[in-house]
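Let's take a friendly walk through this structure, ring by ring and strand by strand. Here it is to keep alongside as you read.

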Amino acid sequence: MADSVSVADLVENARLDVYYGKEYLDQRTISTSDISRPGLELTGFFNYYPAKRIQLLGITEISYSKGMTHEDLLDVMKKMCQPQTPAFVVSTQLDPPEELLEAAKEEHIPVLGSKLTTSRVLSNMTNYLEDKLAERKSIHGVLVDVYGLGIMITGDSGIGKSETALELVKRGHRLIADDRVEVYQQNEQTLVGTAPAILRHLLEIRGIGIIDVMTLFGTGAVRSQTTVSLIIHLANYTKEAKFDRLGNGTQNVHIFDVDVPKITIPVRTGRNLAIIIEAAAMNFRAQSMGYDATETFDRNLNNLIKENSKTDVTKKQEEKAVEQTNKDLIGKDDHKSDGSGR
């Protein structure tokens, strides 16, 4: 987790214009993803002023400031320009008030602008800051993009995670991270995985060493990050171990506040793990779209049981009918033999 983000990075990634303070962009840092809309502050209410946040001024704030006197507005802007304030952002291509520029110059606080509406620029800045400032967890594994699904491959060292990733890359899929995967929670339902900067695009293959996937296979073979949709755990095959055979043994791994589905695949000589993982990805996508092969198998099995049950009932009825017929025939023969039939 990064403790802070420089205002210079925010300007570059949110595509903001610089009205004032270009030389201070690298010096100013942002430590929270929360953005402040200082409406109450313009009225003079400073009982709670989040000075550590980016201060965003939109049409409402700028329109209100135009009705204030120069002295009152300058006094408010000076109170807003605290030493810990990262920057001011003015949306909708509006001109920043002169009083804001004057107060910002005294504290060397950058004043930025955007052509986007207030809602859009707020969303862009929040998304970027949340990604950069989110708590991160490092997980031992390999992260690959298979058919658009982020699959994290885990397992003991030396079990073949990197070799499997290499085979998947050769089959047209993309590598995100090898050996260490940094994950962070993007929202309530989404977990994002990326590679540490030192390991980006690199893959370690025992016996060969470290290879650069982007150099060998091209830019289409790598991605910077992806959503973690499925965890596939590789486990050594043993006769004693029990593995899922019907597809109804999927577990969940709780990472931060997100539950990620997990399946375990046994590893033994002769198994093509890359093809198995491709099949697992396609099956997972089919289940997400509402088709479940396990349910189809259960339904077919139940139908077969019902048909066999009907057949058994019919056979029993036929046997009873034959038995009753035989009894009737025997009864007639007995009746004739004692002469009562004449």
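## A buried tyrosine and its partner

Y49 has a relative accessibility of 14% in this predicted model, so Y49 counts as buried, the cut-off being under 20%. Y49 also has an aromatic partner: together with F46, Y49 makes an edge-to-face pair.

How many aromatic pairs does the structure hold? There are 2 aromatic pairs.

Are Y20 and Y24 buried or exposed? Y20 has a relative accessible area of 15%, so Y20 is buried. Y24 is at 15% relative accessibility and therefore counts as buried.

## Charges over rings

The charged end of R268 sits over the ring of Y237, at 4.2 Å from the ring's centre. K137 lies over the face of F256, with 5.0 Å to the ring centre.

An open sheet is built from 5 strands in the order 2-7-6-5-4, with mixed pairing. Strand 2 (17-20) and strand 4 (35-36) are the edge strands, each pairing on one side only.

Further in, strand 5 (residues 54-57) runs parallel to its partner, strand 6 (residues 88-90), and the two pair over 3 bridges. Which residue in strand 6 stands opposite L56? That residue is V89.

How values were computed: Residues are numbered from 1 along each chain as its sequence is written. This is a predicted model: local features need pLDDT of at least 70, side-chain atom pairs count only at pLDDT 80 or more; totals for chains, interfaces and linings use all residues. Side-chain values use heavy atoms; hydrogens and water are left out. Two strands pair if DSSP finds at least two bridges between them. Helices (H or I, at least four residues) and strands (E, at least two) are DSSP runs, numbered from the N terminus. Rings of Phe, Tyr and Trp (its six-membered ring) pair if their centres lie within 6.5 Å; planes under 30 degrees apart count as stacked, over 60 as edge-to-face and the rest as tilted. Buried means under 20% relative accessible area, exposed over 50%, partly exposed in between (1.4 Å probe, protein chains only). A charge sits over a ring if NZ of Lys or CZ of Arg is within 6 Å of the ring centre and within 35 degrees of the ring normal.
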